[in-house]
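Please look over the structure below before reading on. My notes follow as numbered points.

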Amino acid sequence: MPDRPEEDARAVAEEQRDLRSQADIGGKVNAIIEAAEAAAEDIGQSARREAREIVQQVEQQAAARIEELTREAAQIRAEADEYARDMREAADSYGTQHRRSVETEARRVLADAEQEARELREAAQKKAEQIERDVGQRYETLKREAKMLEERRQRVLESLRDLAAQLQDALVEPAETAPQEEALVDALNVERR
């Protein structure tokens with residue numbers, strides 16, 4: 001049994017070594033867990049920091065993109081306004097030009113119509129004056145012809161009166177023996193007698 005105390009001492013020493021070894025392993029495990037927790041905390045903080053940085057970058061990019069799109073929209077709106085203004089000016093210019101050409105054409109047509117009316121009035125006046133002259137001349141001609149006819153009628157009437165008087169004288173007085181050779185035309189010819 002004397003061997004036994006040595007064995008027991010050895011066993012107790014081994015046991016203590018095991019216990020120390022176990023205590024060291026537990027401490028080491030605790031140290032590893034603490035180190036892992038610290039590393040996890042560091043990784044988490046790093047991840048949160050990176051996430052915040054990514055969110056900030058995305059927000060900055062989004063703000064920049066919004067600003068860019070707003071600028072583009074403003075530029076497009078400005079271009080559209082300018083195009084609309086140009087189109088309005090072109091339409092106004094065309095309208096003004098068209099109105100001027102229509103007014104010019106209307107003035108020309110009016111001037112032509114006035115000129116034609118003047119020419120027609122002058123022609124009508126000349127025609128009326130010509131007709132008046134013709135009527136005056138015709139009146140004078142008819143007046144002369146009427147006077148000539150009146151004079152002729154007077155002469156014929158006087159001739160008929162003379163003839164009637166001669167006939168009456170011939171019927172009242174017995175006819176002297178008149179030469180037979182006298183023709184009827186000569187007998188009726190009052191002027192020869």
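1. Helix terms. Helices are DSSP runs of H or I with at least four residues, strands are runs of E with at least two, and both are numbered from the N terminus. Glu-79 lies in helix H1. Val-29 is also placed in helix H1, which covers residues 3-172. In total, the chain has two helices and zero strands.

2. Basis. This is a predicted model, where local features need pLDDT of at least 70, side-chain atom pairs count only at pLDDT 80 or more, and totals for chains, interfaces and linings use all residues. Residues are numbered from 1 along each chain as its sequence is written, and side-chain values use heavy atoms, with hydrogens and water left out.

3. Burial and surface. Buried means under 20% relative accessible area, exposed means over 50%, and partly exposed lies in between (1.4 Å probe, protein chains only). Of the chain's 193 residues, 1% count as buried. Accessible areas come from the Shrake-Rupley method with a 1.4 Å probe; for residues, only the protein chains shown count as cover. The chain's accessible surface is about 17,600 Å². Carbon and sulfur atoms account for 55% of that surface.

4. Salt bridges, overall. How many salt bridges does a search of the whole structure find? The count is six. The criterion is a side-chain nitrogen of Lys or Arg within 4 Å of a carboxyl oxygen of Asp or Glu.

5. Arg-153 and Glu-150. Their side chains form a salt bridge at 2.4 Å, N to O. Both residues sit in helix H1, three residues apart, about one turn of the helix. Arg-153 has a relative accessible area of 43%, so it counts as partly exposed. Glu-150 is partly exposed at 36%.

6. Glu-68 and Arg-65. Here the salt bridge spans 3.3 Å, N to O. About one helical turn separates Glu-68 and Arg-65, because they are three residues apart in helix H1. Glu-68 is partly exposed at 30% relative accessibility. Arg-65 is partly exposed too, at 42%.

7. Glu-41 and Arg-48. This pair of side chains meets in a salt bridge of 3.6 Å, N to O. Glu-41 is partly exposed, with a relative accessible area of 41%. For Arg-48 the value is 44%, again partly exposed.

8. A network. Which residues are linked in a network of salt bridges? They are Glu-105, Arg-108 and Asp-112.

9. Patches. A patch is made of residues with over 30% relative accessible area and no salt bridge; like charges are joined within 9 Å, and nonpolar side chains (Val, Leu, Ile, Met, Phe, Trp, Tyr) within 5 Å. Ile-25, Val-29 and Ile-33 make a nonpolar surface patch of about 240 Å². Val-29 has 38% relative accessibility and so counts as partly exposed.

10. Negative charge. Lys and Arg count as positive, Asp and Glu as negative; His and the chain ends are not counted. A charge is placed at NZ of Lys, CZ of Arg, CG of Asp or CD of Glu. A surface patch of negative charge gathers Glu-79, Glu-82, Asp-86, Glu-89 and Asp-92. Glu-79 is partly exposed, with a relative accessible area of 45%.
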